Amino acid sequence: MPIKDIPVTKLKNVGPARAAALSRMGINKVDELLRLYPRSYQNRGDIKLLSDTGDGEKSALLLVIATAPKKALIRRGMSLLKFRAYDESGTAEITYFNQDYLADKFSVGDVFRFYGKVERKSRASGKDSFSLSSPIAEFAGAAPEALPPLVPIYPLTSPLTQNIVSKLTEDALDLYLSGSYADPIPAEVLVENELSTRSFALKNIHAPTSLSALAAAKKRLIFEEFFLFALGLSIAGRRHSKEGTAPILEGDISPLISLLPYSLTGAQIRAIGEIEKDMAKDVPMQRILVGDVGSGKTVCAAAAMLIAIQSGKQAALMAPTEILATQHFNDLEPLFRELGIKVSLLTGSTTAAEKRKIYASLSEKNAENRTDIVIGTHALISEGVEFSDLGLVITDEQHRFGVKQRSALTEKGKHAHMLVMSATPIPRSLALTLYGDLDISLIDEMPPGRQRVDTFAVNESYRERLLSFIEKQTGEGGQVYIVCPAVEEKEQDDENEGDITLDGIAIGDELTIDFDPPNKCSPPLKSAVKYAGELSERFPSLNIAFVHGKMKAQEKDLVMADFSAGKIDVLVSTTVIEVGVNVPNACLMIVENAERFGLSQLHQLRGRVGRGERKSYCVLVSDSDGEKARARLDTMKNMYDGFAIAEKDLAIRGPGDFLQNSSGGGIRQSGGLRFRLADMCTDGDLFTSAFTSARALLASDPELLRFPELLGEVKDLFDLKGNM
Ligand code: ADP
Ligand code: MG
């Protein structure tokens with residue numbers, strides 16, 4: 001049986017209670033247990049002499065028990081176990097609180113490996129005294145070198161303990177290793193990338209025999225995650241492209257253009273031309289339109305829809321949120337009405353009666369009476385929606401949708417043409433990798449006359465001035481965005497301090513991270529809610545609201561709609577503020593802990609202001625005194641081209657941000673794919689080599705016919721069923 005199908009209950013130490021606890025951690029199958037990677041390791045293999053330890057330093061020691069443990073009752077409910085142990089350099093006093101049962105564990109003359117904080121005191125005699133309080137003790141027997149050097153620390157849910165989970169993963173490993181499962185990654189790919197086998201990697205990620213074995217294991221597993229991801233991206237994207245479709249003939253977009261108060265930019269004209277050419281073919285268009293915020297993608301979409309309608313087809317435009325869908329509807333409906341084209345808006349809050357009317361009008365056979373264009377949210381892919389003759393599907397801000405949702409809408413149109421609009425300017429090299437399945441149109445030119453958003457990078461000492469600036473801007477009727485990084489409740493446990501985390505292990509020439517470690521010098525992160533509360537106290541007359549990622553979509557939409565309508569003066573948010581939301585009255589964007597954001601993200605955020613008449617500003621607040629962080633933020637002061645910023649970001653941070661903000665996120669939501677070990681920011685080299693290898697493999701074997709196991713894993717990961 002494939003390891004992914006074996007339930008954990010097949011392991012001998014897993015009964016119903018443990019199975020339930022594991023299940024709460026999302027672990028039901030043996031394979032999932034194997035993929036529960038340690039979050040850190042205690043380095044107990046680096047044995048030190050007592051005399052070599054520093055005071056308060058966590059160390060591993062090999063000590064001989066010198067005295068029998070003595071129990072003492074300090075006060076009620078508090079007992080103490082005390083004994084001495086030595087190595088060639090000195091003697092330590094060892095104490096355990098309330099663990100009397102340990103008394104029998106330590107016999108005089110036995111050797112134990114102790115791991116814990118060593119307290120060191122100088123004495124007049126010149127010989128220092130050492131003590132350890134409640135150290136971890138392992139009986140070393142005759143062969144201390146047989147003890148594992150690196151001890152994994154797992155993420156846990158009670159009632160599971162480290163010991164239980166270690167034991168369970170050990171059992172799972174035994175089962176896996178005895179099953180002699182084939183490595184799904186082809187041998188040539190392993191060799192080319194100097195990777196270890198999956199067996200080696202799984203064994204050494206859980207029970208590393210050395211630091212270098214752990215690094216090799218980690219490298220292999222990260223590569224594997226990227227490699228499967230790369231294969232899946234191209235295979236999933238290919239699925240619809242070969243089926244035939246009815247060509248849409250060239251149309252005449254001049255009636256639409258003449259309604260616009262401006263003329264198209266060269267880039268817009270080029271993009272529309274590319275779309276038009278694609279739609280005239282008898283295979284469905286699969287094109288992505290990539291352009292900076294405000295570069296005017298919407299009108300290109302409108303032109304494409306007009307052409308489809310001129311050929312007697314219908315068109316659908318899907319936006320990720322209600323507010324965006326409504327915004328598009330309000331912009332486009334009046335234009336199309338002028339042209340005698342019927343547009344409907346279909347969202348979650350469309351009433352049932354209204355919905356029925358729209359459904360009927362979409363499936364209406366008589367072209368005279370039917371709705372030509374529907375603009376909406378996910379509501380567009382609900383069951384009841386059927387089109388009479390859908391020829392073109394457009395999704396806006398595509399990263400919010402998964403591959404699955406995209407194709408669900410396309411399926412409604414029996415091989416309709418597909419256009420995806422992305423507001424993340426992506427460097428061309430990366431776009432080719434990410435959207436290998438899509439043709440790309442770049443809008444790399446902004447409409448003329450855009451105002452420049454003055455950008456400042458400041459530190460905490462500017463706080464008061466910043467508050468006055470908020471007061472000034474809102475006093476003049478402007479609106480303010482304040483963005484804080486999403487706060488993750490990180491478990492702070494001092495217990496693990498000093499342990500080796502996976503992040504700390506270098507693999508080969510690891511891409512160096514060019515920004516400061518989070519939290520190093522930054523003020524404590526505030527949650528959006530708390531921050532909004534503080535501001536309300538300071539500015540009681542202002543209307544201050546917040547949105548954050550944990551709010552329900554409808555709640556968020558409501559706040560955004562209020563902001564959009566000018567009912568809110570200051571909006572504090574995590575980055576959930578919608579890409580693409582257009583509030584021309586917003587004139588100040590403040591980004592807190594700006595060092596935590598990628599340049600492209602900052603650019604996106606800056607794009608929220610400067611959309612109207614008001615002179616607009618962007619203030620990047622960061623107390624990070626890291627030189628590199630400062631330099632990064634400073635580049636924002638004089639860089640305004642999204643593509644140039646994206647190139648720079650790619651060079652500095654690797655492809656992480658783009659993946660997270662583009663198709664990666666969407667696929668993850670829909671297909672359950674998530675990276676466990678891989679970090680796209682820091683593992684840039686492995687990312688690149690995995691994509692390169694994936695491309696080469698697919699070139700030689702597009703259907704992965706020679707690698708059925710590999711194909712199976714890719715399909716599972718992306719939740720792809722049946723033939724591709
Ligand atoms: P995005 O690419 O971010 O979706 P939009 O399509 O929303 O950008 O366009 C942003 C603004 O620019 C809109 O108000 C739109 O009317 C305007 N716009 C689009 N194209 C042009 C152009 N060629 N000249 C001037 N303004 C334009
Ligand atoms: Mg847009």
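**Notebook: a pocket and its lining**

I sorted the lining of the second largest pocket by class and got 18 nonpolar, 16 polar and 13 charged residues. Nonpolar here means Ala, Val, Leu, Ile, Met, Phe, Trp, Tyr, Cys and Pro; charged means Asp, Glu, Lys and Arg; the others, Gly among them, are polar.

The model is predicted: local features need pLDDT of at least 70 and side-chain atom pairs pLDDT 80 or more, while totals for chains, interfaces and linings use all residues. Residues are numbered from 1 along each chain as its sequence is written, and side-chain values use heavy atoms, without hydrogens and water.

I noted that 47 residues line this pocket, with Val293, Gly294, Ser295, Gly296 and Arg450 nearest its centre. A pocket is an open set of points, on a 1 Å grid over the protein atoms alone, where a 1.4 Å probe fits, with protein on both sides within 12 Å along at least five of seven lines; lining residues have an atom within 4 Å of a point.

Which helix gives the largest share of the lining? H10 does, with six residues. Helices are DSSP runs of H or I, at least four residues, numbered from the N terminus.

**Rings**

I then found Phe83, Tyr96, Phe106, Phe112, Phe114 and Phe139 in one aromatic cluster. Rings of Phe, Tyr and Trp (its six-membered ring) pair with centres within 6.5 Å; planes under 30 degrees apart are stacked, over 60 edge-to-face, the rest tilted. I counted 15 aromatic pairs in the structure. Tyr96 and Phe106 are stacked, 5.9 Å centre to centre with 20° between the planes.

Notes:
Chains lettered and ligands numbered in written order. Helix = DSSP H or I, 4+ residues; strand = E, 2+ residues; numbered from the N terminus.
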